[in-house]
Amino acid sequence: MDTMRAARLHVPSRTLTVEDVPKPDPGPGQVRVKVEAAGVCLSDVHLIDGTLSPLHLEGETVTLGHEVAGTVDAVGEGVTGWQPGARVVLQAGESRDGTTYTRGVDYDGGWAEYALATATTLVPLPDAIPFDQASIIPDAVSTPWAAITGTGDVRPGEAVGVWGVGGLGAHGVQLLRAIGAYPVVAVDPAPAARERALAFGADAALDAADPELRAKVLALTGGTGLAAAFDFAGVPAVREQALTVLGPKVPAGTGRAHRPPAHRGRRHALQLSPAADPRPLRVGRAPRAAAGGADRRRPARLLPLGLRRAAAGRGGRGGPAHGDQGGRPGPAGPAPLTSRARAVRHGVSKLLRGPARAGP
């Protein structure tokens, strides 16, 4: 029997071990992928430390990893359109009979030499994108993309705030710039994160601890406040602060009583998406004069995106941010990146590197 190496989590004991396990054979409608790169997310750390638990896992052990890129190795019966050698990215989950299952949480993921995937959950990967960068697309890129273009429905010329410029936040800034939001205001207590936000296209980067933050946001938006605020840190203080700088709330039915006239009180929304929004990216920035176009603005909204996340070699202070969609919070709810979580993350990285193994 052919075997492969996999990082397996025994959920009851929260023990992570690298084991030799049978190399899986693709069933009907499935594809076996040779894993070239896999991300380490803070939700993986929370699965290890017990903060999160799988909702739909059959059995007690699972191969972690929901950020995966690789090449098609073999296809199962009935699969068409995929050939061995094709470069692919795996969606972070799939729907089964109306229930969402998360890869690496509810079924085996990509912390292994090979991973199985339903053929319809594969996305072709262009040669120009390296595997290590591609592996985070199913989460660190698609999550802010779906939140911005789906839940937030941000439009060109709208003023938007991004709290937490880690993994998700850094991509959020770039995506907001690409669709033409203006101004894009990044908020983070870490100087390095603020510098990163400006490098990635934010129009302003503010310190969350600045007592003049509200006044500065109002000045940047011509006094109207933000049309949308994205919480990529996952802490209550962020949402409390964001609510103070959102555009004015106008009671339903009052029409154009206040500027901007389109605001009618919808103040918040939430979306955590394991897969990219299918709509094409709207490229190009709107003219800066559009930022003051009151008639184009819509209800202010706050979008909390859940847990902070960490990925080896990516992000800044505390690692990237992440809204986990595949686990169940423990009794205490999602926790920030504690010293214990950092230690677990470091241990995971060492464990995955592991000793070299002879053979292919």
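Predicted model: local features only at pLDDT ≥ 70, side-chain atom pairs only at ≥ 80, totals over all residues.
Residues are numbered from 1 along each chain as its sequence is written, and side-chain values use heavy atoms, with hydrogens and water left out.

**Overall make-up**

- The secondary structure of the protein comprises eight helices and 17 strands, where helices (H or I, at least four residues) and strands (E, at least two) are DSSP runs numbered from the N terminus.
- Of the 360 residues in the protein, 53% are buried, a term that stands for under 20% relative accessible area, with exposed meaning over 50% and partly exposed lying in between (1.4 Å probe, protein chains only).
- When contacts (heavy atoms within 4.5 Å) are taken between residues at least 6 apart in sequence, 73% of them join residues at least 24 apart.
- The protein exposes about 15,500 Å², of which carbon and sulfur atoms supply 55%; accessible areas come from the Shrake-Rupley method with a 1.4 Å probe, and for residues only the protein chains shown count as cover.

**Helix α4**

- Helix α4 covers residues 167–179, and its 13 residues reach 19 Å from the first C-alpha to the last, close to the expected 18 Å, a span defined as 1.5 Å times one less than the number of residues in the helix.
- This helix is mostly covered, since 10 of the 13 residues of α4 are buried, and among them are Leu168, Val173, Leu175, Leu176 and Ile179.
- The buried residues of α4 pack against α3 (137–151), β12 (160–163), β13 (184–187), α5 (191–199) and β15 (228–231).
- After α4 comes Gly180, whose phi is positive, near 95°.

**A five-stranded sheet**

- Five strands form an open sheet in the order β10-β3-β6-β7-β11, with antiparallel pairing; two strands pair if DSSP finds at least two bridges between them.
- Because β10 (114–118) and β11 (122–124) each have a single partner strand, they stand at the edges, and one side of each is left without a neighbour in the sheet.
- From one strand to the next, the twist averages 45°, with axes being lines fitted to C-alpha atoms and angles running from 0 to 180 degrees between N-to-C directions.
- Strand β3 (residues 30–38) is joined to β6 by seven bridges in an antiparallel arrangement, and in this pairing Val31 stands opposite Val75 in β6.
- Strand β6 (residues 68–75) also pairs in the antiparallel sense with β7 (residues 87–90), over four bridges, where Val68 stands opposite Leu90 and Gly70 has Val88 as its bridge partner.
- Six of the eight residues of β6 are buried, so this strand is largely enclosed by the rest of the structure.

- Most residues other than glycine have a negative phi, and most peptide bonds are trans.
- Arg14, which is not a glycine, has a positive phi of about 55°, and this residue lies in the loop between β1 (3–10) and β2 (15–22).
- Arg14 counts as partly exposed because its relative accessibility is 21%.
- Asp153 likewise has a positive phi, near 50°, and is found in the loop between α3 and β12.
- The peptide bond from Tyr182 to Pro183 is cis, with omega near -10°, and Pro183 is found in the loop between α4 and β13.
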